Amino acid sequence: MNRRDVIAAAAMLAGSAMAPMAFAQALAGPSKRVKALIGEMTLAEKLGQMTQIPGGRQRALNSRLDAAMLDRVRRGEMGSFLHVAGAEPLHALQRVAVTESRLKIPLLFAMDVIHGYRTTLPVPIALASSWDLKAAERAARIAAEEARAAGLHWTFAPMVDIARDARWGRVVEGAGEDPYLGSRMAVARVKGFEPDGTARRVGILSCAKHFVGYGAAAGGRDYDSADISDRTLHEVYMPPFYAAMQAGTGSFMASFNDIGGVPMTAHRDLIGGMLRGRWGYQGIMVSDWNAIRELIKHGIADTPAMAASLALRAGVDMDMASDTYAGYLAAAAADQPELLPMIDQAVERILAAKERLGLFDDPYAFGDAAQEKSPLDRRTARDLAQRSIVLLRNEGGVLPLKAGAKLALIGALADDASTTLGSWRARGLPENAVTLRTALPSAEFADGKDIAKAVAAAKRADIVLLAIGEDYDLSGEARSRSDIGLPGNQPALVEAIKATGKPIVAVLMNGRPMALEAALKGIPAVLETWFLGIESGPAIADILTGKVSPGGKLPMGMPRVTGQMPMTYAHQATGRPANPDFAIDSARYRDVDIGPLFPFGHGLSYSRFEYGAIELSAQTLGAAGTRITIPVTNSGAVEADEVVQLYIRIPRAIPARAVKELRGFVRLTLAPGQTKRVTFTLTNAQVAAWVEGAWTVPGGRVELMVGSSSDDIRARAALNIIERPRPGSTVAPAASIETKVEIA
Ligand code: NOJ
């Protein structure tokens, strides 16, 4: 490798003047212990700390912990393992590190604990549908407690990638399309994983991933290139990361994708410059799986040593699974001595994390064999699952089901315990999951593989519950699809059941919003249930029978057809807005209706809600904040939840703004006849746009819209922006800033 090449490449990847600030922040104040250790470490030991190796496979944990691996631990040349678990095996492994290695540095144990460890809870897109931040926090808390009992220190969650293309299979793991909702969910989940801000006594380290732009993969193809404008990057994709950082997340993971040709694993500008520099982040930056070595395939490095050097220069502290740092950085550093302080700095961040977790004082603090076998938290699992369900359509009051109605339950997914667990299942087991079939024993079940049998069952029933969608293996990592309609024989099954003329309730089970306009045509009731975890069946039954009124809302719009992807409610205005009149040339497709089938924020209830007029504490918007109050009344007959949503629009600005942007929400529970007054406090920093590298508050007017979905606005008002802070006086992305909500 040629040293000049690496430096030239690194300089090119840095792009702007931001990079020099990169490492300044993190250098502030390592503890004495960490400093002393670094002083004693050999280069091989340092590179070992920067190395994370799979100790097993995702479905065969601990299976790679062989003699050679243990020797490496003894030599002090290993910092962290992933795909390992279990209080006893991990204590045994830790013992090798802290009693048999020279410097006795404890290991860090990591795993993808995404939506539950043993108690499998709703998948993240489902939990985001709850719009319930306490629920999201509780879910992360339960996952963290169970994972901690199994000896784990670190989870690779939350995934905070915004995604506007449902072909991308990983939408199942995120909070949907909106940066404001995504930011709040990111904060809730980080707080749940790291309740005391360090995970020292409770919880485990969290990881905001994948930094950044991973959800913008071209064509929705996982791992593909992202080509994002600077504005969209900062206004849409960055906010949840900033919010997660502010909430105290212990680590970040660099994403697989490149942005405009610069792979994130080597992105000095965004990691070193923005995250470390401007934002001042001090936690660990881990690469994604094998991503450092993959810089060669990306086409920016021609040797593993060059790849390692570029990743280090960008600010990636830990190498997940590629063993490139351990294998090649020493040689690279012999050639490029300026890498040595960067290595020290990476080690410092990793040791600081181990110290904050308390591992130097008690390396066995995580892992409790008795607690590891504690009973599953079914009650919370059911509650969270109920909160995650979204009623998309309910014509003629088909739901809730009338008592005594004869039910047919049709569709293999209704009986698929494995699918209720979603794609990341940690230690979740299908035998612990209660399916809809089990929860509704009186319904006549047909799996739908034999369509004639299913039709016969439908004909014997008063009403058909039709479970349709995708099984767990069709969404998740590397599970992008070019057609997000119903797979297999389901379209034929749906048409055959429709032909019986029986009323149908479609119960959707899926990890992504699907394109179902044709399939759902003529079906009066539609329930989106995603993958709800071990209490999936009982929770869906609670909603179907009316024991609980549905209160979830879509965190991502559902398209009519796949060809509409990508899409978002928060789109830019155009000179020729979509028009239903084909005589007018406009920004739309000719062969499909305008907009989504079900919009962002949509979700019905068994009750009705009336919104009053907006009251404002001032007609102006400044730094101190303006209070926006609206009364909301349950005018129906049952207790129910409503998610009150605040959107803004700046009708005139350069650059122009999106037609709507979410800036506040709250999920309320209201008894019949009850009114609650919701007050949102908005500040001027929350309406800023990213203009030429700085957050800039526009002048003029902000329109306020409060309603029940992005497409169901019930009240409007406007404010004049009076104070305009100096551009660049804040680093917080506008959508990352929390809108205070009060309820009276
Ligand atoms: C690759 C995925 O992109 C990432 O999210 C995950 O944490 C790692 N594999 C480890 O399993």
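Helices here are DSSP runs of H or I with at least four residues, strands are DSSP runs of E with at least two, and both are numbered from the N terminus. With that in hand, you can find His83 in the loop between β2 (80-82) and α6 (87-100). Before going on, note that this is a predicted model, where local features need pLDDT of at least 70, side-chain atom pairs count only at pLDDT 80 or more, and totals for chains, interfaces and linings use all residues. Residues are numbered from 1 along each chain as its sequence is written, and side-chain values use heavy atoms, with hydrogens and water left out.

Most residues other than glycine have a negative phi, and most peptide bonds are trans. His83 is also buried, at a relative accessible area of 6% (buried means under 20%, exposed over 50%, partly exposed in between, with a 1.4 Å probe and protein chains only). You'll find Trp131 in the loop between α7 (124-129) and α8 (133-149), and at 1% relative accessibility it counts as buried.

Now for the peptide bonds. Lys209 and His210 are joined by a cis one, with omega at about 0°. His210 sits in strand β5, which covers residues 207-211. Another cis bond runs from Met565 to Pro566, with omega near -10°; Pro566 belongs to the loop between α23 (536-544) and β17 (609-611).

Lys209 and His210 also take us to the ligand. There are 14 residues around the ligand, and those that come nearest are Asp112, Arg170, Lys209, His210 and Asp288 (a residue is near if one of its heavy atoms lies within 4 Å). Sorted by class, this shell has seven nonpolar, two polar and five charged residues. Here Ala, Val, Leu, Ile, Met, Phe, Trp, Tyr, Cys and Pro count as nonpolar, Asp, Glu, Lys and Arg as charged, and the others, Gly among them, as polar.

Zoom in on the polar contacts, meaning pairs of N or O atoms within 3.5 Å. Asp112 has a polar side-chain atom 2.5 Å from an oxygen atom of the ligand. For His210, a polar side-chain atom is 2.6 Å from a ligand oxygen, and for Lys209 the distance is 2.8 Å, again from a polar side-chain atom to a ligand oxygen. Taken alone, the ligand exposes 300 Å², and the protein buries 96% of that (areas from the Shrake-Rupley method with a 1.4 Å probe).

Technical notes
Polar contact = N/O pair within 3.5 Å; in protein donor to acceptor, adjacent residues only side chain to side chain.
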